[in-house]
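I set out to look through this structure step by step. These entries keep the order in which I looked things up.

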Amino acid sequence: LLSLVFTVNPETGLKAAPMAEWNAYYQNEDEEGDIDTKRDYKITGRDSLVFLVDASKEMFIKGEDGEPSNFDMTMQVVRTVYTSKIISSDRDLVALVFYGTEQSKNPRNSFKHVYVYHDLNEPGAKRVQEVDALRGEKGAKLAAETIGSGETSLGDALWCCANLYSDIKLRLSHKRLMIFTCRDEPHGGDSVKDRQARTKASDLKETGVVIDLMHLMKPGGFNISLFFCDIVSPPEDESEMGLQLQPSDKLEDLQKRVRAKELKKRTLARLNLCLGEGINVAVGIYATAVAARKPGSIKLYRETNEPVRSKTRTFHTQTGSLLLPSEIKKAQYYGGKEIVMERDEVDAIKKFDDPGLFLIGFKPMEKLKLLHHIRPAVFLYPEEDEVKGSSCLFSALLKKCSERNVFALCRFISRRNYPPRFVALLPQNEELGEGKVQITPPGFNVIYLPFADDLRTLDPPQFPSASQTQVDKMKEIVSKLRFKYRSEGFENPVIQQHFRNLEALALDMMAPEEIEDLIMPKVDQIDQRLGPLVQEFKDLVYPAYYNPESKPAAKRKTGGAEKKPKVELTEDELKAHVQNGTLAKLTVPVLKDACKQFGVRTTGTKKQELIDALIARLGS
């Protein structure tokens with residue numbers, strides 16, 4: 001396969017899907033992993049986003065049939081981003097700047113007709129309230145009184161945004177600027193102002209600022225080629241939506257485009273995929289979906305209401321002196337002796353190899369069974385910036401695996417000092433929808449394969465088998481209730497209500513917004529679809545005198561709960577288990593009782609530790 005890889009000239013059509021953070025499973029409490037679900041702002045820096053909004057009179061014109069104005073839609077989008085930032089990444093920096101205003105307000109008041117409504121800072125409840133005040137008819141009046149509409153100089157507005165970035169002393173990992181306007185010629189054909197804006201936009205892009213255009217609907221259409229095609233940044237990668245030729249005329253469309261731009265795709269780890277000796281492909285690991293959870297509670301100091309930072313110190317039990325990390329040892333009982341080790345020695349024992357993926361071979365797709373899925377998969381995508389040529393080699397490997405209907409079997413070490421796992425790299429081809437919009441990105445899904453211990457033989461309870469008539473009737477019911485499932489179509493009502501309550505508390509609302517529980521079944525719609533099928537199925541399954549909706553009679557208690565008899569093993573039986581290697585079949589309570597019965601000292605309560613202690617005691 002490798003000889004074929006180098007002769008293939010694949011299309012450079014790789015795209016990355018929006019990725020979320022990856023939950024790290026099976027973490028060890030005493031280890032520092034390379035992949036963490038919480039963002040480390042000291043290392044990666046903070047994201048920053050500046051909303052540059054056109055405040056001209058054209059932005060305040062209402063749409064047809066009472067639809068909101070472009071300014072009102074923009075303020076709703078800004079509010080949505082503010083609240084989402086507060087929930088998901090409250091340490092990111094956000095700013096709101098108006099240009100084409102009558103009033104001027106900016107650092108050092110250096111620019112006319114530029115109004116900095118919010119400088120670059122963390123979002124908060126006060127900012128959300130101030131944006132809410134600019135929404136609706138009252139908001140339009142307040143905006144006219146506060147900022148007004150005047151001359152336009154986009155070059156000065158971009159210069160002002162550059163000063164906002166330069167005044168930030170924090171480390172920024174990603175800088176983005178979004179322009180909201182419905183005017184395709186903001187300067188009315190003034191070549192001098194156009195040239196100044198293009199120059200300043202070029203300067204901003206050289207400093208790493210990504211400029212996006214969120215153009216809105218205007219009479220006669222929006223022509224990007226007149227001016228803004230030289231202002232906005234090129235797509236960062238081919239997954240970016242790029243310049244949308246059609247302007248946004250609906251709030252949902254505008255929110256979708258802003259969400260796709262402001263979400264920064266982050267790799268959970270960057271590793272090497274070793275295809276052979278000296279052949280490495282740089283890849284990034286992404287999580288395509290992560291379960292939403294309530295944020296953890298934060299302890300606050302009662303007097304100042306500031307977060308409390310906890311510190312742990314270890315002291316000697318006899319002298320009370322403070323122990324340094326170098327003075328703390330680790331011990332393991334083995335063969336009845338206490339073996340003391342340094343932390344570096346423990347790390348060296350745990351280390352199998354450096355983090356990365358090592359190709360073992362290829363298997364037919366039929367070898368991968370549904371029962372092999374034991375935990376959520378992650379997504380593999382090449383990192384061209386790390387190793388040149390990774391995208392070309394990666395796409396060739398993906399193409400050949402898809403053509404031959406095989407998956408790659410690899411050894412995977414995700415972090416330092418982590419044990420290796422066997423994974424299957426399942427090829428996934430790119431899928432495009434209407435308008436050449438990417439639905440599914442190309443790459444490999446990393447399927448974690450189970451070990452032999454993960455597969456167990458179960459003894460399911462025996463029940464009467466259904467007749468073929470009953471099975472056919474149930475098939476009719478299932479076919480009637482089928483629908484296309486989309487995970488994003490069902491929100492967790494508990495989490496939604498939690499954040500609605502927090503929002504109402506922070507914004508001094510009278511009551512939280514009501515939420516719709518999408519998990520509850522739609523009984524009326526189900527009854528309408530099924531019709532008489534439910535009653536026909538009941539007639540086939542239940543006896544004539546049985547009512548499945550009636551509550552069963554409560555059982556009388558004849559006495560206390562019966563306790564299970566305690567299982568005791570003799571020393572000969574335990575030795576037989578040790579010799580046959582069947583101690584793992586015993587339960588943890590039985591192993592604990594055996595340790596107490598024969599005076600076996602253990603260092604923990606885990607099953608493997610109990611087994612090791614018994615083997616050391618009875619096997620010697």
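**Entry 1: The chain as a whole**

I began with burial: of the 620 residues of the protein chain, 36% count as buried. I note that the model is a predicted one.

I then looked up the secondary structure and found 17 helices and 16 strands in the protein chain.

**Entry 2: Aromatic rings**

How many aromatic pairs does the structure hold? I found 13 of them. I took up the pair of Tyr-115 and Tyr-117, whose ring centres are 6.3 Å apart. Their planes stand at 40°, which lies between the limits of 30 and 60 degrees, so the pair is tilted.

I checked the accessibility of both residues. Tyr-115 has a relative accessible area of 11% and is therefore buried, the limit being under 20%. Tyr-117, with 19%, is buried as well.

I went on to Phe-483 and Phe-490, whose ring centres are 6.3 Å apart with planes at 55°, so this pair is also tilted. Here I asked: is Phe-483 buried or exposed? Phe-483 counts as exposed because its relative accessibility is 54%, and the limit is over 50%. Phe-490 has a relative accessible area of 34% and is partly exposed.

I also recorded one aromatic cluster, formed by Phe-60, Phe-71, Phe-98, Tyr-115 and Tyr-117.

**Entry 3: Charges over rings**

Which residue lies over the face of Tyr-165? I found Lys-175 there, at 5.8 Å from the ring centre. I noted a further case at Tyr-448, where the charged end of Arg-375 sits over the ring, 3.9 Å from its centre.

**Entry 4: Val-114**

I located Val-114 in strand 3, which covers residues 114-121. With a relative accessibility of 1%, Val-114 counts as buried.

What is Val-114 in contact with, leaving aside its neighbours within four places in sequence? I listed Val-97, Phe-98, Thr-101, Gln-103, Ser-104, Lys-105, Asn-106, Asp-156, Ala-157 and Cys-160.

Lastly, I looked up Val-114 and Ile-147, which are 33 residues apart in sequence. From C-alpha to C-alpha, Val-114 and Ile-147 are 8.9 Å apart in space.

Key. Residues are numbered from 1 along each chain as its sequence is written. This is a predicted model: local features need pLDDT of at least 70, side-chain atom pairs count only at pLDDT 80 or more; totals for chains, interfaces and linings use all residues. Side-chain values use heavy atoms; hydrogens and water are left out. Helices (H or I, at least four residues) and strands (E, at least two) are DSSP runs, numbered from the N terminus. Buried means under 20% relative accessible area, exposed over 50%, partly exposed in between (1.4 Å probe, protein chains only). Rings of Phe, Tyr and Trp (its six-membered ring) pair if their centres lie within 6.5 Å; planes under 30 degrees apart count as stacked, over 60 as edge-to-face and the rest as tilted. A charge sits over a ring if NZ of Lys or CZ of Arg is within 6 Å of the ring centre and within 35 degrees of the ring normal. Contact means heavy atoms within 4.5 Å.
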